[in-house]
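Dear colleague,

Please find below the structure that I am handing over to you. My findings follow directly after it.

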Amino acid sequence: MKKIFIALMGVMSIVAVANAQKKTSGAIQFENTIDPAAMASASGIQLTDQMKARMPSSSKTNFELLFTATNASYMPVEETEDSNGAGGGGGGMGRMMMRFGGGGGNREYYYTFADKSLVEVFDLNDTTYYMPSKLTLSASGPIGSFRMGGGNPNDTTKAKPVAPTIEVVKTDSTKQILGFTCHQAIVRSTRPIKILDMDKNVVEETKIWYTKDLGFDFSPNPNMWTEGAVLAIEGRGNSSIAKSIEYRNVSSKDVTAPKKAKLITAEEYKTKMENMMKRFRQNRPGGGGQIRAFGMN
């Protein structure tokens, strides 16, 4: 009887260890929603009905976070039939990289949990680059790259944009996301702008919902992170929300940045994008006209 009991305890220990190991890797599906008109309004821009009609409608994009005990990858996906049944689960749905517009082309993010570092991989001018970075709370604000109008950016007679003041307020609010208790942090961005020759302050609040129960640090927007694993970011006109989680084995190669990429620093990338915009303005009829663009950090 004693031998049977010892054997049973041994089996239970093996199962417990296996379950613990299983929960250190898996996949989390995120849904991104963007409403350009609402984002413009949050930026303090007054839009007429005609302007709203010309703007893109709201859109949703699926993203997937693959994680192990030490690393993770995050990238846009679209569901597609996969004859190999990759990803497990009933439908045999795999993931396929989805190309989307913008100066950077494809965007893949690779996280290293130990030092909260990440590598952003993207294509630009037929070259694949990797750009080192870290999880942070960007001083440029939640929608710091949103801009409309513009005129000539080299006009020295006009005041340069002022960086917003960022305040983080941690509240007592909690909510359940995927079965995890998530705590709320509100990022409040205040920045002065001039609209129709009138000075005003635009205050924007973005809610970050994070949990420490997953045991690693992550954010679907690397520039919007305070602590823990962020499972939801809710702003005016944009959101990223975790929709499902599946614990399963994840290959180390799926969470490791590709080796065949060229290093580029944030400063070099900024210079390249500024030069691209400069060439774009010069090639426009009349040159130096107004540029209308929007984006997210």
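The lining of the largest cavity is made up of three nonpolar, two polar and two charged residues (nonpolar: Ala, Val, Leu, Ile, Met, Phe, Trp, Tyr, Cys and Pro; charged: Asp, Glu, Lys and Arg; polar: the others, Gly among them). These residues are Y111, T112, F113, K116, S117, L135 and D217. A cavity here is a set of points, on a 1 Å grid over the protein atoms alone, where a 1.4 Å probe fits but cannot get out, and lining residues have an atom within 4 Å of a point. The largest cavity holds about 30 Å³ of space, and the structure has one cavity of 30 Å³ or more. Grid points are joined across faces, edges and corners, and the volume is the space filled by probe spheres set on the points.

Please note that this is a predicted model, in which local features need pLDDT of at least 70 and side-chain atom pairs count only at pLDDT 80 or more, while totals for chains, interfaces and linings use all residues. Residues are numbered from 1 along each chain as its sequence is written, and side-chain values use heavy atoms, with hydrogens and water left out.

Turning to the aromatic residues, a search of the whole structure gives nine aromatic pairs (ring centres of Phe, Tyr and Trp, the last by its six-membered ring, within 6.5 Å; planes under 30 degrees apart are stacked, over 60 edge-to-face and the rest tilted). One of them is the edge-to-face pair of F30 and Y74, with 5.6 Å centre to centre and 85° between the planes. This pair links distant parts of the chain, since F30 belongs to strand β1 (residues 26-34) and Y74 to strand β3 (residues 71-81), 44 residues apart. Strands are DSSP runs (E, at least two residues), numbered from the N terminus. F30 and Y74 are both buried (buried is under 20% relative accessible area, exposed over 50%, partly exposed in between, with a 1.4 Å probe and protein chains only).

F67 and F216 form a tilted pair, at 5.2 Å centre to centre and 40° between the planes. Here too distant parts of the chain are linked: F67 is in strand β2 (residues 59-67) and F216 in the loop between β10 (198-211) and β11 (229-235), 149 residues apart. Both F67 and F216 are buried.

As to strand β11, five of its seven residues are buried, so β11 is largely enclosed by the rest of the structure. β11 pairs with β10 in the antiparallel sense over five bridges (strands pair if DSSP finds at least two bridges between them), and W209 stands opposite A232 in β11. Four bridges join β11 to strand β12 (residues 238-247), also antiparallel, where I241 is the bridge partner of A232. The hairpin of β11 and β12 has two residues between the strands, and G237 in this hairpin takes a positive phi near 95°.

Two residues deserve a note on their backbone. Most residues other than glycine have a negative phi. D126, not a glycine, has a positive phi of about 65°; D126 lies in the loop between β6 (117-124) and β7 (127-134) and is exposed, with a relative accessible area of 86%. L178 likewise has a positive phi, near 55°, in the loop between β8 (165-177) and β9 (180-195), and L178 is partly exposed at 26% relative accessibility.

Yours sincerely

Key: 1 Å grid on protein atoms, 1.4 Å probe; cavity = no way out; pocket = protein on both sides within 12 Å on 5 of 7 lines; lining within 4 Å.
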